[in-house]
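Here are my notes on the model you asked me to look over. They are set out as numbered points.

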Amino acid sequence: MVSSPNLRVVVPAPAPARSEPGDVDALVARALVGDMGAWGILYQRHFAGVTRHACFLSGDAAAAEDLAQEAFARALASLATFAGRSSFSTWLHGIVINTVRKHRETQLRQHRVRERAAGVVAATAVDDELDRRTLRQARMQALYQILERLPNHLRDAFVLRDLLGLSAAEAAAQLDITEENLRVRARDR
């Protein structure tokens, strides 16, 4: 026999073992009486198909494995309800469909809750700004009402010193009075 470096022998990979319907039925029967080894075999045989189905249904490859795990957990919890009217695989894929539907509904609900929360935050922010504006307006009205009651010379001193923040020298110069006189009028100490 002569071997050539360019000659490549391709050996086909063994086909995955297909389980006979009787074999699956026997595994399901054993799992129904609590044989977790039988359930483990069912899990191994069907996990890839269930994950692929969850991926196609959800459109989310990252979530597909979690959805498959959840579907298997639901299947195990409801295994006693498996009546054998359909194949185990068909029953299991029905659970996958329901699991993905519930996942979508949960995602949609969470999305709606986030949108509502954002709306509440936005509305509250607007209301807070409105409240602040209203409060400022009320304070200004109260201030102007008080200022209207003051004599002109006291009002002018108060406005220049306390509202405009001018120094005593600047305010006195604008009013053409002494700083001491301004301090008396504005009660500046």
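1. Basis. This is a predicted model, in which local features need pLDDT of at least 70 and side-chain atom pairs count only at pLDDT 80 or more, while totals for chains, interfaces and linings use all residues. Residues are numbered from 1 along each chain as its sequence is written, and side-chain values use heavy atoms, with hydrogens and water left out.

2. Fold. The chain has seven helices and zero strands, giving the order α-α-α-α-α-α-α from the N terminus. Helices (H or I, at least four residues) and strands (E, at least two) are DSSP runs, numbered from the N terminus.

3. Burial and surface. Of the 189 residues in the chain, 21% are buried; buried means under 20% relative accessible area, exposed over 50%, and partly exposed in between (1.4 Å probe, protein chains only). The accessible surface is about 13800 Å², and carbon and sulfur atoms account for 56% of it. These areas come from the Shrake-Rupley method with a 1.4 Å probe; for residues, only the protein chains shown count as cover.

4. A nonpolar core is a set of buried Ala, Val, Leu, Ile, Met, Phe, Trp, Tyr and Cys residues joined through side-chain atoms within 4.5 Å. The largest one has 25 residues, and Trp39, Leu42, Val50, Leu79, Phe88 and Trp91 have the most contacts inside it. Helices H1 (21-32), H2 (36-58), H3 (61-77) and H4 (88-149) each supply at least two of its residues. H3 gives the most, with seven residues.

5. Second core. A separate core of nine residues includes Ala157, Ala168, Ala171 and Leu182.

6. Val50 and Leu32. Contact means heavy atoms within 4.5 Å. Not counting residues up to four places away in sequence, Val50 touches Ala68, Ala71, Phe72, Leu92, His93 and Val96. With the same exclusion, Leu32 touches Leu79 and Ala80. Leu32 is found in H1 and is partly exposed, with a relative accessible area of 42%. Leu32 and Ala80 are 48 residues apart in sequence, yet their C-alpha atoms are 6.4 Å apart.

7. H6 and H7. How do the axes of H6 and H7 cross? The axes of H6 (residues 168-175) and H7 (residues 179-186) come within 9 Å and cross at roughly 100°, so the two helices are roughly perpendicular (65 to 115 degrees). Axes are lines fitted to C-alpha atoms, for helices over the stretch in contact, and angles run from 0 to 180 degrees between N-to-C directions. Ala168, Ala169, Ala171, Ala172 and Leu175 in H6 meet Glu179, Leu182 and Arg183 in H7.

Technical notes
Angles under 35 degrees count as roughly parallel, over 145 as roughly antiparallel, 65 to 115 as roughly perpendicular and the rest as oblique.
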